[in-house]
Structure formats: C-alpha cells, structure tokens
Amino acid sequence: MTDRNGARQIVNRRAELNTNETNESEKVIEGYFAVFNSETELFPGAFEEILPGAFDNTLDNDVRALINHDTALVLGRNISETLSLRVDDTGLWGQIKINPLDTDAINLYERVKRGDVSQCSFGFNIIKEQEEWREDGSVKWSLQEVELHEVSVCTFPAYSDTGVEARQNDVKKHEQRKLEAKKNQLKERLKLWH
C-alpha cells in the first residue's frame, strides 16, 4: 500500500452524461463522473481503478464543475448549490444546474443533449492508493482515497500529460529498483566465486 500526497491527477472516463429539465424548468447535466471497480488502461501495461470509498472524505470540499478542465469556464460549484455530488454503489454521481444566462453553459447543455459531448473527467489528489505489480510486467493502481477538486464535462477526454507522466515515472522507478536488485544479486554471486 502506498500513501501519497502531492501531484494533482486528472482522470477521464467515458460517461453516460445526459440532460434533464427539472420540475421548475431548470436545465441540468447529470451522470457519473467516476465509476467504481472499473479498470482503465492509462497507457500500455498501466491500469487504474477507483475503489468504493475513495470519495467518502472529500464531498465537502469546494468542488467546481468545469468545461474541459478550463477554470475560466465554471458550470457550477457545490458550495453555491449549483453542483450536487453524491456517492452510491456505482460511483460518483453529479448534477450541474445550468445557468440560463451563461451562453457557454447553454451551448454545452445542447451539445450533451444532442450526444455530441458525452464524456467527463475529474481532477484530484491521491491520498491513499494500492500498487500491484503483476507477473506479466503490468502495474495496477487502486485508488482508495482521493481529494476531489473538480469535475469536468469533456469533448476529448484524455489523461493530462502530468498525470500520465507521473504514473510513467512510477513505472520507471520500479524498473530501476528491479535492475538495481539484479545488479546487487550478481555482485553477491561474484563475491562468492572469489
């Protein structure tokens, strides 16, 4: 098990986002921003999944709903009650109340309604994760606890360079440790022969 504080991560998932109009004719975008126990391949040989409970200590954070992770395009915010978040057996569900006077929000609402935009993402810090190096050389990170900062409705979700780079550096460090261990074993064998 690895406890890690630090680098901000962005995870992108395919989502079943949809639009809805409430009883008060309020337009909303809603769906799952994260799904539990769903293994995602970050890059070849590296996988990640979110475990139930990962969001349990973070829903009271000041979380924003964004368009494509752009902090200038805020759709909603949980402390202003324009973003609702909850966790259930499936994952992290959210509902964004669309501001009818915000043309960016209305345009996005219509794109989601037509099905042109249907994916989402979330930004977070890793608080606690489990790391599993498999026999086939692949690695899997299981997120046990995260600190949530934002959820985004995305046109082209893809892992941010920094998130993928951080994970690739983890793999490189692991490979380096394995190589050093092999070198040390070889040195010990050579000592026995002399």
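Visitor: How do you know that the span of helix α1 agrees with its 12 residues?
Guide: Helix α1 covers residues 103-114. The expected span of a helix is 1.5 Å times one less than its number of residues. That gives 16 Å for α1, and its end C-alpha atoms are 16 Å apart, so the two agree. Helices here are DSSP runs of H or I with at least four residues, strands are runs of E with at least two, and both are numbered from the N terminus.

Visitor: What should I know about the model itself?
Guide: This is a predicted model, in which local features need pLDDT of at least 70, side-chain atom pairs count only at pLDDT 80 or more, and totals for chains, interfaces and linings use all residues. Residues are numbered from 1 along each chain as its sequence is written, and side-chain values use heavy atoms, with hydrogens and water left out.

Visitor: Which residues of α1 are buried?
Guide: Ala105, Leu108, Tyr109 and Val112 are buried. Buried means under 20% relative accessible area, exposed means over 50%, and partly exposed lies in between (1.4 Å probe, protein chains only).

Visitor: Why are the buried residues of α1 said to line one face?
Guide: Seen down the axis of α1, they fall within an arc of 105°, so they line one face of the helix. The arc is that of the directions from the helix axis to the C-beta atoms. An α-helix has 3.6 residues a turn, so residues three or four places apart point the same way. On the other side of α1, Thr103 and Arg114 are exposed.

Visitor: What makes Asp102 a cap of α1?
Guide: A side-chain oxygen of Asp102 lies 2.9 Å from the backbone nitrogen of Asp104, at the N-terminal end of α1. A polar contact is a pair of N or O atoms within 3.5 Å; within protein, one must be able to donate a hydrogen and the other to accept it, and residues adjacent in sequence count only if both atoms are side-chain atoms.

Visitor: How many aromatic pairs does the structure hold?
Guide: Three. Rings of Phe, Tyr and Trp (its six-membered ring) pair if their centres lie within 6.5 Å; planes under 30 degrees apart count as stacked, over 60 as edge-to-face and the rest as tilted.

Visitor: Why is the pair of Phe55 and Phe122 called edge-to-face?
Guide: The ring centres are 5.6 Å apart and the planes stand at 70°, so the pair is edge-to-face. Phe55 sits in the loop between β6 (46-50) and β7 (64-67), and Phe122 in strand β11 (residues 119-133), 67 residues apart. Phe55 and Phe122 are buried.

Visitor: What makes Phe122 and Phe124 a tilted pair?
Guide: Their ring centres are 5.0 Å apart and their planes are at 35°, so the pair is tilted. Phe36, Phe55, Phe122 and Phe124 form one aromatic cluster.

Visitor: Why does Ser121 count as buried?
Guide: Ser121 has 0% relative accessibility, so it counts as buried. This residue of strand β11 has a side-chain polar contact of 2.8 Å with His69.

Visitor: Is Glu81 buried or exposed?
Guide: Exposed, because its relative accessible area is 60%. Glu81 lies in the loop between β8 (70-77) and β9 (83-87). Its phi is positive, about 60°, although it is not a glycine.

Visitor: Where does Asn37 fall, with a relative accessible area of 49%?
Guide: That value makes Asn37 partly exposed. Its phi is also positive, near 55°.
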